[in-house]
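Biologist: I am new to this one. Please show it to me, and then let us go through what the names and classes rest on.

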Amino acid sequence: MTAKMAASIVEHGEDAFRKLFKFYKRRNPPPDFSDVLNFSKPCNDKVFACELNSISICEEDVSKAGLRPVKDWRAFGLHGYPGFIFISNPFLPGSQQYWVKQCLKIYPQKPNVCNLDMHMSSVETENIWEKSIDVIRRKGCGKREPKTLLEKLRWVTLGYHYDWNSKTYSPDHYTPFPKELHSLSHKVAAACGFPGFNAEAGILNYYRSDSSLGIHVDESELDHTRPLLSFSFGQTAVFLLGGTKREDRPTAMFMNSGDVMVMSGPSRLLYHAVPCIVPAPAGNVLPPCLGQRLETEAQDCDIIQSVSEEDWDVCSWYLQTSRVNVTVRQVLASGQTFPSSQASNLSTDSCEKSEEGTQKNKKRKSESGYERDT
């Protein structure tokens with residue numbers, strides 16, 4: 001079945017989103033990606049160029065966070081999706097390596113929370129990186145080794161830690177949000193017209209080659225007037241952006257390494273999903289942008305610092321078949337506080353997951369706090 005045939009099937013019906021999700025998720029035969037938008041070379045009448053606020057942030061400040069000058073960013077919107085902004089890799093050459101290292105080595109550390117904490121003791125999940133790197137280096141030599149903790153990582157939460165069972169945030173479940181990620185998010189939000197954005201919660205999803213992100217809406221934050229920011233690193237994925245109802249047919253687009261998405265205004269509460277990770281082209285194990293090193297020596301005042309060759313060897317091995325996505329949210333409006341009685345809401349927010357059998361799913365729900373989207 002071609003993409004055009006799939007489009008005709010899901011144009012109308014009770015659940016157009018799910019049908020397209022399954023189309024791109026299938027493995028045999030592989031899906032046709034010809035209808036997927038590619039913002040690295042946009043040539044579609046749905047796409048239009050966005051003008052960002054390039055005078056709100058000085059070039060030196062964005063450079064310290066590893067970003068190009070805002071005037072050089074390639075930002076796009078989609079007709080029919082007001083408030084949605086797609087920024088095609090605004091990162092300076094070499095700076096993505098720093099953010100990948102943070103996601104794999106630093107952010108999974110305690111006191112942050114990860115899926116492994118659901119079925120392992122805090123002692124066992126301390127220093128996930130250190131407990132994994134020796135085995136990973138041996139794997140690089142072609143030896144068969146068991147899965148490391150790093151390979152078993154599916155999600156990490158930062159700041160206000162999202163509760164996958166109650167689908168809420170709590171003032172009692174909080175650890176300091178990483179300053180460097182706050183700074184990066186603040187600059188991207190300001191460039192997109194949201195000065196004063198306060199990064200209060202983060203969810204990192206770790207996708208293996210067979211992973212997917214179920215159909216959901218991010219609505220657990222108490223303030224929906226602030227944008228949702230999404231940063232992608234590693235292998236390319238297909239992202240589906242739908243409407244306010246599951247009956248709305250979604251638009252498919254590629255998310256490449258370094259791409260940033262901003263969901264604000266009416267697009268803030270749209271259904272979306274990631275049905276698949278796209279297999280890397282033969283001979284190109286890593287996207288070329290990830291092989292770049294910093295062009296200038298980092299200064300002490302810079303957020304971005306050089307990544308050692310030893311650390312990058314582990315990161316690059318991991319990313320050969322994987323992708324990391326970071327979503328950053330502002331939970332509370334300025335001056336707002338959590339309600340005294342934190343009631344459970346009906347968010348359909350979900351985390352990274354892969355299609356597995358029913359029995360495995362029941363076990364995984366108890367371990368990681370989510371159910372497979374069916």
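Modeller: This is a predicted model. The count of cavities of 30 Å³ or more comes to three.

Biologist: What makes a space in the protein a cavity rather than a pocket?

Modeller: A 1.4 Å probe fits at the points of a cavity but cannot get out, whereas a pocket is an open set. The largest cavity has a volume of about 140 Å³. Its lining has 20 residues, and the closest to its centre are Leu213, His216, His272, Asn325 and Thr327.

Biologist: Which strands each supply at least two residues of that lining?

Modeller: Strands S6 (201–207), S7 (212–216), S8 (228–234), S11 (260–263), S12 (272–277) and S13 (323–329) do. S13 gives the most to the lining of the largest cavity, with four residues.

Biologist: How do the lining residues of the largest cavity divide by class?

Modeller: Nine are nonpolar, seven polar and four charged.

Biologist: What lines the second largest cavity?

Modeller: That cavity holds about 40 Å³ of space. The residues lining it are Trp99, Cys103, Tyr107, Leu181, Leu184, Phe231, Phe233 and Val326. Helix H4 (95–106), helix H7 (179–191) and S8 give two or more residues each to this lining.

Biologist: How do you know that the span of H4 agrees with its number of residues?

Modeller: The expected span is 1.5 Å times one less than the number of residues. For the 12 residues of H4 this should come to 16 Å, and the end C-alpha atoms are 16 Å apart, so the span agrees.

Biologist: Why is H4 called mostly covered?

Modeller: Buried means under 20% relative accessible area. In H4, 10 of the 12 residues are buried, among them Trp99 and Cys103.

Biologist: Why is cysteine 276 called buried, and what is cysteine 58 called?

Modeller: Cysteine 276 has 8% relative accessibility, which is under 20%, so the residue counts as buried. Cysteine 58 has a relative accessible area of 39%; exposed means over 50%, and partly exposed lies in between, so cysteine 58 is partly exposed.

Biologist: How many disulfides does a search of the whole structure find?

Modeller: The search finds zero. A pair of cysteine sulfur atoms has to be within 2.5 Å to count as a disulfide.

How values were computed:
Residues are numbered from 1 along each chain as its sequence is written. This is a predicted model: local features need pLDDT of at least 70, side-chain atom pairs count only at pLDDT 80 or more; totals for chains, interfaces and linings use all residues. Side-chain values use heavy atoms; hydrogens and water are left out. On a 1 Å grid over the protein atoms alone, a cavity is a set of points where a 1.4 Å probe fits but cannot get out, and a pocket is an open set with protein on both sides within 12 Å along at least five of seven lines; lining residues have an atom within 4 Å of a point. Grid points are joined across faces, edges and corners, and a volume is the space filled by probe spheres set on the points. Ala, Val, Leu, Ile, Met, Phe, Trp, Tyr, Cys and Pro count as nonpolar, Asp, Glu, Lys and Arg as charged, and the others, Gly among them, as polar. Buried means under 20% relative accessible area, exposed over 50%, partly exposed in between (1.4 Å probe, protein chains only).
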